[in-house]
Amino acid sequence: MTRKILLLLAHPVLERSRVNRRLLDGARGVEGVTVHDLYEAYPAMQLSVRREQKLLLEHDVIVFQHPFYWYSTPAILKEWQDLVLEHNWAYGQKGHHLDGKITLNVVSTGGPEQAYSEQGFNRFSVRQLLAPYELTAHLCRMTFLPPFVVHSAFHVESDAQFAPVVVEYRQLLEALRDGTINLEAAARLTRINSALPVGEQKGTP
Ligand SMILES: Cc1cc2nc3c(=O)[nH]c(=O)nc-3n(C[C@H](O)[C@H](O)[C@H](O)COP(=O)(O)O)c2cc1C
């Protein structure tokens, strides 16, 4: 099995990014991944609905890669949802064009991992905060996977330090592309990072 992956990047100032720029550089080298930088494509946020829908139809896995802004996504992704996921195209009686596609968010946060828990400062996990994405996927009959999360983004200082995360991200994209990830098991996780072989190895001496 080979799936085609559409990576929708939403970062308004990529040149100042520590995390998303490095993740993107890693993803660009993965065969079968189409990178679509939304802020670059639409600097005035004038989205082409037809272009976006055509891209969606051409791919099997839709990845939303973005920093966490106000416990959510940068604004262009909301605009993208509002315009692109049309009634009777994405959902509704006359059209369900996204049926069966896989979707997930790739999220960087300023806050540390422990803050995103019931007892932590932010009370909810990133997955819980992405409930609108999970429900949108459900409405559109897509398979929602938990997010790939990079916490403590401000602590990322060098390519070398961040290299293992990039490897993990590339492995996730390859596994999604090749169908070597157990989707049912992955869907139950709080974050998908730990579904990967490299995630398991981390815990072993
Ligand atoms: C407008 C704005 C809102 C933010 N909101 C949050 C937030 O709700 N939670 C959080 O953990 N970090 C928040 N941050 C920090 C960003 O998530 C962090 O800068 C980003 O993930 C770093 O990724 P980058 O290196 O690719 O830019 C916010 C940053 C900005 C500029």
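A cavity is a set of points, on a 1 Å grid over the protein atoms alone, where a 1.4 Å probe fits but cannot get out. Grid points are joined across faces, edges and corners, and a volume is the space filled by probe spheres set on the points.

The model is predicted: local features need pLDDT of at least 70, side-chain atom pairs count only at pLDDT 80 or more, and totals for chains, interfaces and linings use all residues. Residues are numbered from 1 along each chain as its sequence is written, and side-chain values use heavy atoms, with hydrogens and water left out.

**Exercise 1.** Describe the largest cavity and its lining.

*Solution.* Start with the count: one cavity of 30 Å³ or more is found. The volume of the largest cavity is about 100 Å³. Next, take its lining residues (an atom within 4 Å of a point); among them are L56, W80, Y133 and M142. Then assign them to elements, where helices (H or I, at least four residues) and strands (E, at least two) are DSSP runs numbered from the N terminus. Strand β3 (61-67) and helices α4 and α6 (131-139) each give at least two lining residues, and α6 has the largest share, with three. Last, sort by class (Ala, Val, Leu, Ile, Met, Phe, Trp, Tyr, Cys and Pro nonpolar; Asp, Glu, Lys and Arg charged; the others, Gly among them, polar). The lining has nine nonpolar, three polar and no charged residues.

**Exercise 2.** Work out how helix α3 packs on helix α4.

*Solution.* First, the geometry: α3 (residues 49-57) and α4 (residues 75-84) pack at about 90 degrees, their axes 10 Å apart. Axes are lines fitted to C-alpha atoms, for helices over the stretch in contact, and angles run from 0 to 180 degrees between N-to-C directions. Therefore α3 is roughly perpendicular to α4 (65 to 115 degrees). Second, the contact (heavy atoms within 4.5 Å) uses V49, E52, Q53 and L56 of α3 with W80, L83 and V84 of α4. By class, five of these residues are nonpolar, one is polar and one is charged.

**Exercise 3.** Locate the two partners of the salt bridge between E86 and R50.

*Solution.* A salt bridge is a side-chain nitrogen of Lys or Arg within 4 Å of a carboxyl oxygen of Asp or Glu; the structure holds eight. For E86 and R50, the N to O distance is 3.5 Å. E86 sits in the loop between α4 and β4 (102-108) and R50 in helix α3, so the pair, 36 residues apart, links distant parts of the chain.

Notes:
Parallel < 35°, antiparallel > 145°, perpendicular 65-115°, else oblique. 1 Å grid on protein atoms, 1.4 Å probe; cavity = no way out; pocket = protein on both sides within 12 Å on 5 of 7 lines; lining within 4 Å.
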